[in-house]
Amino acid sequence: MTGYIIRRVLQALPVFFGTTLLIYFMVFAMPGDPIVALFGDKGVNPAIADQLRAQYHLDQPFIVQYLIYIGGIFQGDFGTSFSGQPVGQILASTFPVTLRLALIAVVIEMIVGVAIGLVAGLRKGKWFDNSSLVASLILISTPVFVIAFVSQFFFAIKLGWARATVSGEANFAELILPGMVLATLGVAYIIRLTRSSVIDTASQDFVRTAYSKGLSRARVTRVHILRNSMIPVVTYVSIDFGILLVGATVTEGIFNVPGVGRTLYQAIIRGEGPTVVSFVTVMVLLYLVVNLLTDLLYAALDPRIRYDK
Amino acid sequence: MTNNRNEHFVANLADTAMAEIDAVRISEKPTNLYLDAWRDLRTRPMFYIAGLLILLVATVAFFPDLFTQTPPNDNCLLANSNGSPTAGHPLGFTRQGCDIYSRIVHGTSTSLSVGLIVIVLTTLLGIIFGSLAGFYGKWVDAILSRAGDIFFSIPYILAAVVIMSVFSDFRNVWVISAAIGIFAWPSTARVLRGEILRVKQLDYVMASTAIGVSRFRILLRHVMPNSIAPVIAVTTISLAAAIVAEATLSFLGVGLPTSTMSWGNDISQAQADLRTAPQVLIWPSLALSITSLAFIMMGEAIRDALDPKARAQR
């Protein structure tokens, strides 16, 4: 196991450097001079501009800038945004919000998706199964901003059950509506995963054995079918959680959630190089870690999977 | 020792598979994966619904004038701003007083061409990277797969936002398609690589190696045709994803310029009036969702038809 983890981490290193280099290069190539933009309508003072350029290492060649930046990351310094705020601080204030949002979405996905998928799988081919499949298909093909606007319009504006936009605090209650919107895609996929997994498991020999031992239908469903159908669902949810953690740009933008996705999007639009690169770096690290954990979780759930030869 | 022991030194003819083998009619066309899949597809209602919708979308995209005579951008009267439907304008008006129906009809070709360019790009890159990585393995696989991971680990909407900001001065259908495609191909490559890893261990590949066929020729003639099936399904579904991605980018304000007719642009401009005139936002959203639904349904039907396991589960 340890050998496997070490090998995976070593494989992740080139991906980490490649991704950060790529994003750093793209941000570097963005048109416009952020230092000039800082002066706004006032004339540019060349002395101050030069001083600022030196402070942000903008006078260095591209690759030197990148190396200085990466060196800082390994010392826990995520750089400073052009407005003077440390990027680490921005991350610390936005990340908990996105974490709350992702947790809400994942919990909704698990409960709703597994419940509907289980019933659909047990009643394969009946009307409930067919209509849940059609519903999941519609949810998958509807773009998230459409779902966001429609639910914002109905639940917040028409019915008044929730606030249309989230306040700066972004507590759990306010995040339920955006969390539901974020969860819709996951719900649709989990319905289908659970359904086909349940159909698969229900035809296994050990299920027939359980019935022939005289166990009740409820117990067979709960202990034998549901438990053994959860492996693909759990792996999907853990990957989805990783994706949600790196932020939902569109949903956070529409509901005005002060999370990672919206902050990153605004940073890109404003050409805030250091913020963009640091956010993406953290995202990539998260992505790599979640990927590794998912593979390990897979082995823990299914004893047949072994990573050691 | 009885002497009839030697009588049946070969099995009784009735006990062998000879009858079945004799029953195979050589003159009959041999079935293969694609013929079976095609036969299976034609029994699926989802295939017909999706096919009709795609046909409709394609017709609208190629011949918009068949569906509306109203110009989408000219003759817009501010007096009609966010107006309700009138005769000749069945879906009402946008904020600028333009005909919503006409704008949807004329925006179709934008969405469709972005979708098509993106899948051409992702399929090309995906096939090159996926097949070489899967077939040659070892260090080729290590390098190509890590290269794919680099593009895969950045969320592709965000990556496209950055690229579109880099090219802020010349945004058009080609640039936006490239921005989406460059970060979307690793999923195609992964699917193909996985399938090739399976196919290259099959007996007929070993047989070709044994009779001295070159490695590259084995890849082209034997491995590729037998592992391309899942790519077809993935590609159809990613066409839908690309259309949605274009709309999302336009919606975020970094997509096509507002002078280009695009559903994403229309949705983006309608969001300010969501409270007072939701219909302006709903109609282009509906067009977008139905188009994406059509391609996803088609992709899923193809995938199930090509997958013997899914066929058995029906």
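Some bookkeeping. Residues are numbered from 1 along each chain as its sequence is written, and chains are lettered from A and ligands numbered from 1 in the order in which they are written. As the model is predicted, local features need pLDDT of at least 70 and side-chain atom pairs count only at pLDDT 80 or more, while totals for chains, interfaces and linings use all residues.

Chain B, then. Chain B has 13 helices and zero strands. Helices (H or I, at least four residues) and strands (E, at least two) are DSSP runs, numbered from the N terminus. Of the 314 residues in chain B, 42% count as buried. Buried means 20 or more other C-beta atoms within 10 Å of the residue's own, exposed means 12 or fewer, and partly exposed is in between, with C-beta atoms placed from the backbone. Two residues are in contact if their C-beta atoms, placed from the backbone, lie within 7 Å. Among the chain B contacts between residues at least 6 apart in sequence, 71% join residues at least 24 apart.

Here is one residue from that chain. B:D36 sits in helix α2 of chain B, residues 33-41. B:D36 is partly exposed, because 14 other C-beta atoms lie within 10 Å. The C-alpha atoms of B:D36 and B:L306 are separated by 8.0 Å, although the two residues are 270 apart along the chain.

Next, a helix pair. How do α5 and α7 of chain B pack? Helix α5(B), residues 138-152, and helix α7(B), residues 173-199, pack at an angle of about 135 degrees, and their axes are 8 Å apart. Axes are lines fitted to C-alpha atoms, for helices over the stretch in contact, and angles run from 0 to 180 degrees between N-to-C directions. The two helices are therefore oblique to each other. Angles under 35 degrees count as roughly parallel, over 145 as roughly antiparallel, 65 to 115 as roughly perpendicular, and the rest as oblique. From α5(B), the residues B:G148, B:F151 and B:F152 meet B:I182, B:F183, B:P186, B:A189 and B:R190 of α7(B).

Last, the two chains together. In chain A, 35 residues are in contact with 34 residues of chain B. On the chain A side, α1(A) gives the most, with nine residues.
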